[in-house]
Amino acid sequence: MSTPLSSEDEDIFERLQNRTDQKVLEEQQQAINERVNAIYQKAQTRLGELIDQNSTLPCAISSVQVVGTPHTSRRFLERIFNPLLESPKDRPYTLSEVLQVVSARADKLNRFDIFQQPISIFLDQKTDADSLGKLTNIDVFLTVKEKSRVLLKTGTDLGNAEGSAYGNLLWRNVFGGAETLNLNASLGTRTRSAYQAAFESPIFSDPDFRVEFGGIGSSTQKPWASHEEVLKGAWTKLRWLTQSGQRHELGYNGFWRQVTSLSENASPAVRASAGDSVKSSVFHSWVNEQRDNPLLPSRGYYAKLFNEVAGWGPLRGDVSFWKSEIETQGAVPIPIPGIKGDSGISLTTAFRAGILYPLGLGSDPRPKPSRINDRFLLGGPTDVRGFRQCGLGPHEGSDALGGDVYAAGSANLLLPLPRVGADKPLRLQAFINGGRLLPLRTAQKSTPTTSEEAKDAMISTVRELGSGLPSVAAGLGLVYAHPVARFELNFSLPLVIRKGEESRKGLQLGIGISFLPPHNPTSGLMAQYYPPQQQPYGGHPSAQNLQFFPSSYSSVSGHTTPSQASYGGFGASSNQPAQAYPGAGYGGFGSMAGGVSGRMGEQGGLRTGWLAAFGTEGYDGEPPLLEELGVNFEHIRTKTLTVLNPFARIDQHLMDDSDLYGALLYIVLYGTFLLLSGKVFYGYIYGVAVFGTVALHLILSLMSPTVDPGSGPNAADPNNYHPHHKPTVSNASGADNFSATLTFPRSASVLGYCFLPLVLTSLVGILIPMDTLFGYLVTTAAVGWCTYSSSGMFCAVTQMRGMRGLVAYPLALFYVVFGIMGIFSSRGSGSLAAKTGAA
Amino acid sequence: MSTENRDGLGHTAPESPSADERSTSRTARARDLFSVPAPIKRIFDRFPLVVYPANDLPQSRDSEFRGNRLFVFTDAAGSRRGRPSFNPQCLKWQAYLKFVGIEFETVPSTNHASPTGALPFLLPTLPPGTINPIPSTKLQKWAIEQVHCEEEQQLNIRFEVYASLLDHRIRNAWLYALYLDTDNFNAVARKLYVNPTTTNTAVRMVLAAQLQQAARDELLKSCTYIDVNDLEAEAANAFEALSNLLGDHTHFFDRPNPGLFDASVFAYTHLLLDEGMGWKQNRLGRVLRKYENLVQHRERLLKCF
Amino acid sequence: MLLELHVWGPAFSLPSIDAQCLATMTYFSLVLPKDAWVLVASSDPSVSPTNELPALRSGATWVSRFRNIVDYLRQYSGGEWDLDRDLTGGERADNIAFSSFVESRGQSLVDLSLYVSSQNYWDKTSPAYGAILQWPNQWILPPKIHAQAKLRTEHLGLSSLDLEAIREQKDREHSAAVAAGKIPKTLIRNPRETVSTLLSKTSQQNQFRLEALTAEFFEPLESLLGHQPYFLSPDRPTTLDCLALAYLSLADIPDLPFSWLRDAMRSKAPGLTAYTDRMRRHHLGLEVKVIDALSATSTSSTSSPSLPWQAPERASFATLGKTLYDTLADSTPILKHIRLNNRLREAALAPHSGLSGKESKAVSAYALARKHDLYLSIGSVVVSLAALVGYMAHIGLVGFSLAEQEVPSGTDPDPDADIDAVVDAGQVGDFLSML
């Protein structure tokens with residue numbers, strides 16, 4: 001924004017400023033409008049003619065060029081576009097067909113979520129058509145802009161009795177084949193720690209057919225069964241999307257579960273099931289999503305079928321079972337005779353059921369009794385409302401032991417609020433829901449020992465489901481479907497319960513990505529791809545289409561715009577399912593942690609929810625936003641590099657644009673690292689940073705020589721030429737007096753950037769205790785580094801000569817404060833902290 | 001959130017005292033705001049309309065036991081026959097409870113299940129419905145309350161002194177012999193501690209490594225490196241001292257019936273002399289056999305099982 | 001040949017700050033003729049290949065640890081220099097048992113009193129170390145020893161003597177509480193605690209524990225000592241006396257800020273206290289000053305029974321640099337392990353290291369065992385580093401990768417084709433718009 005202005009630029013501005021005549025402006029405006037109209041008129045007429053002539057014009061696609069893909073591999077693109085190049089066998093394409101296939105391909109490209117929308121198509125008729133005879137040869141140009149390849153998110157969540165800090169790194173297009181790598185880490189009070197890494201890649205350049213490998217390590221408190229589960233494992237899965245939009249997943253899970261650190265009053269059953277177990281299973285899940293809006297459906301249906309076989313035959317492991325779950329939801333709008341159109345009233349019904357069938361482990365035929373971490377759990381504000389978390393089913397003392405067979409159903413009547421109206425995502429709901437959760441039992445109440453007994457037991461248990469009423473609760477509530485999560489505030493009363501089941505009278509708040517989710521780790525992981533998460537992305541295209549015009553004007557020649565509009569519409573229509581996968585990338589983490597912790601609903605909802613609302617960046621395609629804000633990655637990078645390399649020759653124009661984003665980024669990063677390494681210092685960091693910056697700016701601006709415009713020439717003049725000048729400083733000193741003055745933002749920016757070494761140190765501090773000799777040394781070095789580079793920059797920017805030491809001193813003090821914070825923050829021999837503490 | 005947190009020096013962020021008064025008063029008001037008026041409450045109490053009997057519990061391995069349950073390291077067969085545990089600590093208390101004549105069943109378990117993080121622990125029958133386990137540190141007290149046997153530490157000053165031999169000298173040697181001696185570890189410890197936990201080889205390897213590292217750290221607490229000769233020499237001395245202490249009495253401290261000290265000696269001597277353990281290197285055992293009276297002592301006590 | 005006994009230097013007016021060293025030098029002063037040995041307060045474990053003190057050096061042989069040294073002296077002197085020569089079986093048993101008792105219990109008590117009790121550590125112990133250690137070590141060794149002591153006494157559950165532990169715990173609770181939003185943040189305060197206020201206020205049961213611990217330790221010894229001059233035999237001391245004296249005199253250090261151990265000893269075991277004073281006067285000297293040890297020509301010495309001090313050779317710049325380098329290396333995460341193992345293997349494989357063949361085999365085997373997990377960690381670190389660098393190169397954070405615009409498919413259009421391309425593009429483009 002403050003690049004040095006050349007002279008003619010300046011007088012342009014002057015002229016612009018001088019012109020203040022209202023009338024003239026209006027005339028101009030009018031003239032412009034007329035010209036635009038004229039252009040459109042002409043375009044319309046010419047198009048009419050063109051259509052008449054060429055709609056069936058036979059033509060061949062001679063070349064396809066994709067412009068703007070520095071990081072995307074050629075083979076990947078070829079796989080997508082080669083089919084275009086050979087035309088159908090019997091007869092050549094007509095022009096309209098060409099358009100369709102091309103836009104279809106472009107749409108496919110879009111669904112990989114590595115390019116920003118719109119992808120502007122641009123057809124060009126080859127001139128040397130005659131050489132090939134009658135066919136008009138067409139070159140296809142697609143101008144794309146790659147999305148930012150790396151998204152780093154850090155933040156903290158406070159709420160629902162859990163405080164946690166998380167970091168999330170999404171790396172798009174890793175090897176140029178639209179692969180994504182997604183790393184998550186969170187530390188919290190309830191989900192003590194969760195780390196997940198998932199690598200996903202499309203197969204054969206097909207966005208609808210993907211393979212994924214992932215690993216997870218987490219340890220989660222399970223208060224409802226008073227133990228903590230430590231989970232380590234890996235999974236690999238194939239995911240594909242059928243033409244009709246049904247999603248399949250087929251995969252393998254290998255998890256090492258450890259039920260440990262039981263609480264004081266854990267029930268004997270939980271104690272008995274403490275210890276290690278390995279689950280090795282293959283699973284398949286099928287999802288058919290036909291709801292108009294997964295979070296607040298008013299019509300359509302949803303069905304999911306999940307099957308998992310563990311430990312049987314060649315899959316070894318310690319547990320062996322066949323787990324099968326079905327999940328359905330349907331919604332019908334209820335028309336009101338008076339009102340025509342959509343009344344907004346809808347009836348939603350859902351049904352879930354599952355069985356856990358014991359199998360013989362490996363070769364031995366004797367069925368193994370199920371373990372607590374495999375059994376089903378039922379109940380909770382996002383599950384069966386009116387019951388506490390896992391409040392249904394067998395309880396021993398206060399511990400929910402889970403069951404082997406369950407069935408749950410719910411019916412909600414959703415009414416729009418009187419004043420708010422049907423179009424707002426806010427509804428009144430009246431619901432009744434209930435379920436049964438039963439352990440596997442033979443008639444004579446003993447564990448089945450043979451497969452026959454197991455079969456009978458299963459049958460009798462399933463029959464048992466029907467005996468007596470299920471545990472039921474009913475209530476009224478408010479539903480708000482935020483784009484990423486569904487918030488419910490319900491008043492509920494239990495109607496039918498079993499002894500020991502924990503019902504809940506009165507108000508109950510539920511926040512969830514997905515309502516009625518099964519609570520167990522694997523399905524928690526599944527839940528990354530749970531339909532509702534597409535919602536925010538599914539919501540986007542319509543908005544993006546509006547932005548097509550401006551951006552495409554800039555991209556290619558104006559004439560192509562309307563075509564893109566139409567194409568954009570096309571893209572939007574087919575966007576919804578495609579966008580599901582990036583959705584998985586984000587929301588995945590939250591629901592993963594949630595799933596592991598068995599509280600997927602709340603946590604998942606919250607985390608993504610907050611992200612959406614207050615995250616450091618929005619959803620996909622944030623670069624445009626950042627560019628609007630004036631964030632210039634190029635500058636940030638160059639500055640960072642200058643800081644990182646103390647021997648770099650410091651260009652005095654470096655700080656000419658004083659962007660604060662990089663600086664801010666580093667400050668926040670520092671705070672976050674310190675948080676991860678144990679203490680929370682945000683407040684102090686911000687405080688010290690602000691006041692320190694102000695103070696330093698004052699000092700330095702006092703120190704810096706005041707530059708008068710006249711000093712330009714005689715600075716270059718040999719007789720007051722100082723031999724010890726850095727040539728850069730001396731000959732540039734007067735060239736523009738713009739960069740000579742020290743503005744506040746500029747000094748803030750310098751200070752912020754030179755903060756980087758300390759940030760790296762704090763990163764080290766997460767891993768290694770810094771309160772040791774090693775730590776002191778590293779920190780000292782970092783502070784020195786910061787001081788060195790910052791003093792260098794200040795000297796260069798403010799053209800202070802021979803007073804670098806003087807400049808360095810206050811800077812050093814400034815950085816030392818942060819360094820000490822870093823030392824105190826991380827655990828270690830604690831000697832320093834203790835000295836100050838016990839003194 | 002920044003204001004809510006303090007720096008490492010332990011200062012609290014400056015806060016006006018009035019602030020928390022206000023907050024407390026607000027919460028108070030909120031409380032009576034949310035308290036349910038009586039008539040509505042009466043209606044609430046009607047719900048739930050129907051209450052069925054409780055669901056029955058999923059079948060777990062040990063729900064048919066109904067006595068005192070002592071959770072120890074042992075295998076299913078061993079627990080059925082009440083055979084001695086293969087872990088010295090567990091065996092010590094198992095033996096002690098037997099000696100003082102308390103009825104109990106042993107249940108195979110893991111350290112994860114224990115409230116202290118280490119076996120053994122005991123789930124008493126009485127009072128009925130209790131779910132609070134008794135960790136090994138409180139077992140003696142509990143036993144004394146149950147059967148009013150005397151607390152032996154009080155009887156002889158040498159009890160604690162000679163116990164320190166077992167708790168340090170012999171234990172350290174045992175740790176080395178079982179966990180750090182590779183042959184023994186693969187032959188004995190893997191079989192007893194690692195393999196039962198899971199069938200998965202990878203996990204087994206991890207657990208084994210963890211186990212050995214734990215033993216190593218334990219030994220390195222007292223010295224900068226592990227000196228096998230030292231450990232074994234110390235253990236040999238300890239056995240010599242113990243056999244001296246036992247002399248030709250039937251039980252330690254010449255008591256009529258075996259007690260805690262006998263139990264804790266037996267815990268090691270039995271395991272070292274037990275053929276069933278399948279030691280590959282049993283230098284400790286060889287040393288131990290030199291002391292005839294200790295061997296006989298062990299055989300006498302073994303009859304109790 | 002002159003025997004050199006390397007020990008930790010004097011502190012608290014005792015000839016050494018470390019119990020094992022005290023015991024060893026007591027033993028020496030009891031069995032060895034004055035001129036047969038010298039005492040070097042080198043206060044630097046790295047002098048001996050086994051990297052621990054006390055260490056005895058005779059010629060090229062190094063022997064460390066009290067018990068090894070005692071055995072070595074027995075062999076060295078053909079059974080003459082041996083305190084426990086003629087003990088009866090019962091006495092011998094008691095000797096062994098009580099020695100182990102004193103070592104195990106005494107050690108943990110001394111740890112608690114001198115290291116874990118923060119006030120004592122910061123006011124007394126760490127300054128004492130500062131006095132005897134040479135420059136770089138002052139910064140390096142005390143934290144290590146402090147940490148070890150804490151580790152050794154964890155199982156006693158008395159960490160509340162340790163202010164830092166408490167503060168950390170409180171911080172954890174605090175942040176958890178704030179996170180859970182349970183407590184108004186203004187209600188959570190973290191006042192400066194001193195151990196005494198803390199013990200008086202918070203943990204009654206800690207008082208009891210300390211009571212129990214000290215009682216368990218002192219009472220058997222007191223009753224064993226009875227009224228006789230020495231523990232086991234009325235006329236002559238034994239190794240037990242050496243060990244007991246060492247630990248008791250460390251327990252009896254005057255004017256600690258928080259002197260629970262001394263108080264307990266004086267109240268519970270007057271006999272022991274008297275015994276300690278007497279023994280100290282005779283064998284260790286009451287007022288040993290650091291200066292005696294460091295600047296000692298072995299004649300000039302104020303303490304009544306003059307220990308044959310010999311001044312440790314001052315650190316030359318070479319050695320000094322070496323220590324500095326060593327510690328740097330030792331405190332860098334991975335290098336640490338490598339060096340530790342190497343040092344052990346040197347110690348083990350050195351021909352005169354005073355370790356028997358089997359022993360050295362075991363040690364080196366142990367070192368090897370450590371090597372394995374070490375390699376694992378190195379491997380992982382290297383890989384992750386490579387990944388990081390690769391990534392930085394990839395996004396161009398490090399210079400050498402510049403992003404060039406490639407045209408992935410089709411041929412580059414030649415310029416003039418481009419020019420009229422615009423025109424035709426116009427037609428076709430417009431045409432597109434109508435579909």
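## Exercises on aromatic pairs and a helix contact

Across all chains of this predicted model, a search of the whole structure finds 39 aromatic pairs.

**Exercise 1.** Classify the ring pair of A:Tyr480 and A:Phe487, and state whether each residue is buried or exposed, or in between.

*Solution.* The ring centres of A:Tyr480 and A:Phe487 lie 6.3 Å apart, and their planes stand at 40°. Planes under 30 degrees apart would count as stacked and those over 60 as edge-to-face, so this pair is tilted. Turning to accessibility, A:Tyr480 has a relative accessible area of 35% and is partly exposed, while A:Phe487, at 23%, also counts as partly exposed.

**Exercise 2.** Describe the pair of B:Tyr179 and B:Tyr193, locate its two members in the chain, and decide whether they are buried or exposed.

*Solution.* This aromatic pair is tilted, with 6.1 Å from centre to centre and 45° between the planes. B:Tyr179 belongs to helix 6 (residues 158–180) of chain B and B:Tyr193 to helix 7 (residues 182–194) of chain B, so that the pair links parts of the chain 14 residues apart. Because buried means under 20% relative accessible area, B:Tyr179 at 10% counts as buried, and B:Tyr193 at 11% counts as buried.

**Exercise 3.** Determine how helix 3 and helix 9 of chain C are oriented towards each other, and name some residues that meet.

*Solution.* Helix 3 (residues 89–116) and helix 9 (residues 239–251) of chain C pack at about 15°, with their axes 9 Å apart. Angles under 35 degrees count as roughly parallel, and the two helices are therefore roughly parallel to each other. Their crossing is left-handed. The residues of this contact divide into 9 nonpolar, 5 polar and 1 charged, among them C:Phe98 and C:Glu103 in helix 3 and C:Tyr247 in helix 9.

Definitions and conventions:
Residues numbered from 1 in each chain as written. Chains lettered and ligands numbered in written order. Predicted model: local features only at pLDDT ≥ 70, side-chain atom pairs only at ≥ 80, totals over all residues. Heavy atoms only, no water. Axes fitted to C-alpha atoms, helices over the stretch in contact; angles between N-to-C directions. Helix = DSSP H or I, 4+ residues; strand = E, 2+ residues; numbered from the N terminus. Parallel < 35°, antiparallel > 145°, perpendicular 65-115°, else oblique. Left-handed = near helix turned anticlockwise from the far one by under 90°. Contact = heavy atoms within 4.5 Å. Nonpolar A, V, L, I, M, F, W, Y, C, P; charged D, E, K, R; others polar. Phe/Tyr/Trp six-rings, centres within 6.5 Å; stacked < 30°, edge-to-face > 60°. Buried < 20%, exposed > 50% of the residue type's maximum accessible area, 1.4 Å probe, protein only.
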